[in-house]
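User: Could you walk me through how to read the main features of a structure like this one? I would like the general idea and then the case at hand.

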Amino acid sequence: MQQVGIEIKNVIKEFPARRGEEPVRAVDNISLQIYEGEFFALLGPSGCGKTTTLRMIAGFEEPSSGEIILRGKPVQGVPPFHRPVNTVFQDYALFPHMTVLQNVMFGLEMAGVNAREARDRAAAALEMVRLKQFDRKPRQLSGGQQQRVALARALVKQPAVLLLDEPLGALDLKLRKEMQYELMQMQEELNMTFVYVTHDQEEALTMCDRIAVMDRGKVLQVGRGNEIYETPHSRFVADFIGETNFIEGKLTAINGKKATVVLPGGVEVEATPDQTGTSLNSSVTVAIRPEKITLVHVSLPTDQGLNARVSTAEVMSAIETEEDRTFVPGTIIFSNYIGTDTRYTVRIGESSTLIVREQNFGNFKDITFKVGDQVMVFWATENARVLIQ
Amino acid sequence: MATRSMAIHIDEGRIRRDLTVRKAGKIGMILEPLFAYFFLWAPIIVLVIFSFNDSRSVATWRGFTLRWYGNILSGAVGAEARFSTELMLSALGTSLVVALIATLIATVIGTAVSMSLVRGNYPAKSLVDGLLLLPVVIPEITQAVSLLLFFSAIFDFVGTTTGVRISPGIGTVIIGHVVFNISYVAIVVRARLADMNPHLEEAASDLGANPWRTFWRVTFPLILPGIISGALLAFTLSLDDFVVTFFNSGPGTTTLPVYVYGLIKLSVSPEINALSTLMLLASTVLIGISMALQGRNAGRG
Ligand SMILES: Nc1ncnc2c1ncn2[C@@H]1O[C@H](COP(=O)(O)OP(=O)(O)OP(=O)(O)O)[C@@H](O)[C@H]1O
Ligand SMILES: [Mg+2]
C-alpha cells in the first residue's frame, strides 16, 4: 500500500500566451506522491488545474518543467499509448461509430490480444459494470450507461493507474450516489490506483483515501479526508471543504496548544494555534465548524426543560469541570430549520457572527432557541483553529 | 445573413461568437453553392428546354424530341453540324481520367492539410490557413495564367539544363486541377474535423493506439463523409473546369468542356445543348451527394 505508484515532482505547466494574453500557468509547481492501490482525489474549484494535472499523467500534455514518475520510471516524452495508464474522460469520449462491445475491445485489440480473447475480456468488463447492451451504439445509451462503457473500456486493460476526470459530473444525484458506491467497490476489488478528479468536496470525502486540495494551480494540502476536514491548514481549504465559520480577531497570547484571540468588542476566545506559527498581535482568523459549537440558554429554562437530551444542569457542570473549552455569550439573530438540523446565526462580541448547527434530536421543543434569545456559545478549544490569512 | 446573426450575438461572449461563426460558416458553405446555382438557373433552364426542341434553330420551340440525345450517342448527325460522337467520347474519357486522378491526389493531400491545420500546432499555421483559401478566392484566369507561366518556366529550365523537352499535356492539366482542388477538399474536411470531439483521438491514444492506428480506426471513419463530400466536390469542379484546363492542356489534350467550347466556336447546335444538359445533370447529382454528406453531423454514426 505504501509503495509510491505515481510521483509528481515540482511540476509546472504553462500554456503559451495567446495573442494579447498572458501565458497561463495552469499547474504551478506541484509535488504529489500517490500510493499503489490508493483512491486519490484531486479536489478544487473550476480552473484550478485538476484536468491539466491528470492530462500530464496520461501523457496528453508534457510538463513545462518538473518530473512525473510512474512506478519508478520517469515518463517524460513517453506518448500516451505507451503509458500504463487509462483515462475515463469527463465527456466519456466513446467512439460513436463503434458499438459498446467494440469500444471496450478497442484497447485490447491495440494491445494485440486476439479477437476471441478480446471479446471475452470485454464482455467480462461490461458484466462488471453491469451493462448488457453490447451491440448498441453509444448515442443509444443513457448518460449513466455511457459512463459505464467508458469505465469498462478503461478498466479492461487492467492499467496500473486509472485516471478519472469528474466521471460522475453529468449524472443526476441518485445515479451519482449509486455510481460512487460502485466505483469504490470496484476500486477495492481490483486494487488499482485511482486518481479521481472532482470539484465536489462531498464526493471526495465519501470516496477517496486521500485528497489533494488544489487552488489556482497549487496543491494547498494533502491528507486523509478527516485530516483535511478537521485540521485545514489554510482558510481556503477550511472554506472549500464543508462549512466553516471564520471570525477575525487579534492574537494576544499563545500558551502551548492554546491561543487567545480577541474579537472586536473585546470578547476573548480560545483556539488551537496553527503549526506554522503565528506572531503575537497579528490579525488572525479563527476557523470553527458549525457542528462543533454548542448552544445553551443563559437563563435556565423552567422545570419542563429539564428532560431534554442533556439537562441544563449537566451542561453547566460540564462547563465548570472541563478546561479546554471556550465560552462566549451571544444572541440568536436568525434560526433556520433544515430537517435534521437547525442552523442558528449567533452574534458574538461587537460584530462577529457564528453559524451553529444543532441536531434536532427527539422532540424537545424547550431546548430550541428563538431569535433574540441570550445564549452561551461554547466549543472545545481543539476544534477551533487559528489560521493565518 | 451570416453577419446579421453575428451582430446579434457579438456581446454574448466569445464562445457564443465562435459557435455562431462556425454555424454561419456552415450555413454559408451550403448557401454559397445554392446562390451560385440560382444565378445560373435562368440561362441553364433555356439550355435544358432547347435540348428537347425539335428544331435545329435555337430560337423557336417546335415540339419535344429526344433526337439530339440520340445523336450524341449514335453519331447520326445532321450535315451542317461538326459533332462527332467519337471525339466527344474521347474528350469525356480524358475528362474522367483527369478528374479521377486529380481528385484522388487532391483528396489525399487536402485531407492531410486539413489534419495539420486542425490538429497541428506550428508557428506558420495561420499563414497556411490563409494560403489555403487563396485558390478559392483568386480569379480562375489568374490561376490558369500563373500555372501556365510556372510550367513554362520549369520546362524551360529543364530544357536548358538537361536538354529534355517537355510540353504541356494531360500531366499539366492534372497538376492544375490538383492545385485548386486541394483547397476545396481541405476546406470541407476541415469543417468536419473541427466538429469532431478531440477527446476521441486522445481516448484512442490512451487505449494504446499509435497515431497511425488512431487515424485509421477513429479519425478516418468519422471524417469519411467529409472526405467523400470533398472528393465529390473536387471531382465535379475538375469535370467542369474549362479555364485552367484550356490554358495548360497544350495541343493534344481535350477535355469535355474544352471540346464543347470548340464546337460552340463553330455554331451552337442542339447537340451541344443536349450534351451540356447531361453534364449539368451529372454535376448536380455529384454536388447534391456532396452537400448531403456535408450536412450530416460529425461524430454521429
Ligand atoms: N490548452 C490550454 N491552453 C491554454 N490554457 C489552458 C489550456 N488548458 C487549460 N488551460 C487553462 O488552465 C487552467 C486550468 O485548467 P484545467 O482544465 O486544468 O482546470 P480544472 O481544474 O480541470 O477545471 P474544471 O473543474 O473546470 O474542469 C484554466 O485557467 C484553463 O483556462
Ligand atoms: Mg477539468
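Analyst: We will go through the fold, the salt bridges, the chain interface and the ligand site in turn. This is a predicted model, in which local features need pLDDT of at least 70 and side-chain atom pairs count only at pLDDT 80 or more, while totals for chains, interfaces and linings use all residues. Residues are numbered from 1 along each chain as its sequence is written, chains are lettered from A and ligands numbered from 1 in the order in which they are written, and side-chain values use heavy atoms, with hydrogens and water left out.

User: Let's start with the fold. How many helices and strands are there in chain A?

Analyst: Helices (H or I, at least four residues) and strands (E, at least two) are DSSP runs, numbered from the N terminus. Chain A has 9 helices and 20 strands. Its C-alpha atoms fill a box of roughly 80 × 45 × 45 Å along the principal axes.

User: And what share of the residues in chain A is buried?

Analyst: Here buried means under 20% relative accessible area, exposed over 50%, and partly exposed in between (1.4 Å probe, protein chains only). By that rule, 49% of the 389 residues in chain A are buried.

User: How many salt bridges does a search of the whole structure find?

Analyst: The general idea is that side chains of opposite charge can pair when their charged atoms come close. The rule asks for a side-chain nitrogen of Lys or Arg within 4 Å of a carboxyl oxygen of Asp or Glu. Over all chains, the search finds 27 salt bridges. One of them joins A:E61 to A:R55, with the closest N and O atoms 3.3 Å apart. A:E61 is buried at 16% relative accessible area, and A:R55 is buried at 17%. Both residues also belong to a network of salt bridges that links A:K13, A:R55, A:E61 and B:E202.

User: Which parts of chain A does the pair A:E62 and A:R83 tie together?

Analyst: Their side chains meet in a salt bridge at 3.3 Å, N to O. A:E62 lies in the loop between α1 (50-58) and β4 (65-70), and A:R83 in the loop between β5 (73-74) and β6 (85-88), so the pair ties together parts that are 21 residues apart in sequence. A:E62 is partly exposed at 29% relative accessible area, whereas A:R83 is buried at 6%.

User: Which side chain makes a polar contact with that of A:E203?

Analyst: A polar contact is a pair of N or O atoms within 3.5 Å; within protein, one must be able to donate a hydrogen and the other to accept it, and residues adjacent in sequence count only if both atoms are side-chain atoms. The side chain of A:T198 makes such a contact with the side chain of A:E203, at 3.2 Å. A:T198 sits in strand β8 (residues 193-198) of chain A and is buried, with a relative accessible area of 3%. Not counting residues up to four places away in sequence, A:T198 touches several residues, including A:L42, A:K50 and A:E166.

User: Now the interface. How much area do chain B and chain A bury between them?

Analyst: The size of an interface is often given as the accessible area lost when the parts come together. Buried area here is the accessible area (1.4 Å probe) that two parts lose on being put together, summed over both. Chain B and chain A bury about 2200 Å², 58% of it on carbon and sulfur atoms. B:D206, B:L207 and B:R217 supply 33% of the area that chain B buries against chain A, more than any other three residues. The contact takes 22 residues from chain B and 24 residues from chain A.

User: What polar links cross between the two chains?

Analyst: There are 9 residue pairs in polar contact between chain B and chain A, both residues at pLDDT 80 or more. The rule also finds 2 salt bridges across this interface. B:R217 forms a salt bridge with A:E109, with the closest N and O atoms 2.9 Å apart.

User: Finally, which residues are closest to ligand 1?

Analyst: A residue is near a molecule if one of its heavy atoms lies within 4 Å of it. Ligand 1 is surrounded by 13 residues, the closest being A:S46, A:G47, A:K50, A:T51 and A:T52. An N or O atom in the side chain of A:K50 is 2.8 Å from an oxygen atom of ligand 1. A backbone N or O atom of A:G49 lies 3.0 Å from an oxygen atom of ligand 1, and a polar side-chain atom of A:E166 lies 3.2 Å from an oxygen atom of the ligand.

Technical notes: Contact means heavy atoms within 4.5 Å.
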